[in-house]
Amino acid sequence: MTQPTAAPSLLGVFAHPDDESLLAGGVLAQHAAGGARTAVVTATWTAGSHRAAELADALNVLCVGAPRLLGYADARNPASAPDGAVRLVDAPLDEAVGRLVAHIREVRPDIVVGHDALGQLTVHPDHRRAHQITLLAVEAAGLPHLYPDAGEPWQPTALYAATHSESGVGRLGPLLQSVGKTLLTVPDAYVTTTVDVSPWAAVKMAAILAHRSEAARERPLPGLLARLPEAERDEIIRTESFTRLTPGPAPGHPHRLVA
């Protein structure tokens, strides 16, 4: 009998604590449950901040290991770096890419998942910067002459960007509009993969709620979701959309991330 193939290893790279749970919590939990090496790198909020502690709890819920922090400050929140670290948007690009390359080479993922080019939701500058850094780091990680002190080269097979399509917004658009926020969407054709994460919706929501300081506030998405009836909330979080950015033809599957 043919043994089932293990899920491909997965590394999420996101700007802030809670981005991982909101944008890809379902696929992170899915791959972890499938026995894959699964990890998350977070670009902002340093180890001494309260949200870094909440991130650790969320990642524990998703079963994806301990936080991996690039160690930069949030562009909009000085409290994100009580140790005085530079903001992500002000950090030298080469330095930030090198820090991420080290994590990619250590985790050795088949797939990397990150932000899309739009910046998503509130068009946060950290989201866009994280997207740029991830694009560069995924390519650089496989080149031995770049960042030779960051570990043995490793080339991920696929890079996906978490995104939102025009037709797939559903209740999320009106929910954000109710607090004056705009959800940036991409044309439907831009989405290559839509994953039904319903089996992991409860785990995903528990991870979102682990970001307690955001869930307690009125305007952030964790807080908005926390106050919704369960059925409405599940309708919003049960689907995750991605664009495969890896050059060349996608060998892929329209409803699953593949290496």
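Visitor: Among contacts between residues at least 6 apart in sequence, what share joins residues at least 24 apart?

Guide: Such a share tells how far along the sequence the contacts reach. In this predicted model, 77% of the contacts between residues at least 6 apart join residues at least 24 apart.

Visitor: How many helices and strands are there in the chain?

Guide: The chain has nine helices and seven strands. Its radius of gyration is 17 Å, close to the 18 Å from the globule rule for 259 residues, so the chain is as compact as a globular protein of that length. Along the principal axes, the C-alpha atoms fill a box of roughly 55 × 50 × 30 Å.

Visitor: What percentage of the residues count as buried, and what does the chain expose?

Guide: Buried residues make up 52% of the 259.

Visitor: Where does R233 lie, and is R233 buried or exposed?

Guide: R233 belongs to helix α9, which spans residues 230-237. R233 is buried and has no salt bridge. A salt bridge needs the charged atoms within 4 Å, and D234, the nearest side chain of opposite charge, is 4.2 Å away from R233.

Visitor: Which residues does R233 contact, leaving aside neighbours within four places in sequence?

Guide: With those neighbours set aside, R233 is in contact with M205, L225, A226 and L228.

Conventions
Residues are numbered from 1 along each chain as its sequence is written. This is a predicted model: local features need pLDDT of at least 70, side-chain atom pairs count only at pLDDT 80 or more; totals for chains, interfaces and linings use all residues. Side-chain values use heavy atoms; hydrogens and water are left out. Helices (H or I, at least four residues) and strands (E, at least two) are DSSP runs, numbered from the N terminus. Buried means under 20% relative accessible area, exposed over 50%, partly exposed in between (1.4 Å probe, protein chains only). Lys and Arg count as positive and Asp and Glu as negative; His and the chain ends are not counted. Contact means heavy atoms within 4.5 Å. The radius of gyration is taken over C-alpha atoms; the globule rule is 2.2 Å times the number of residues to the power 0.38.
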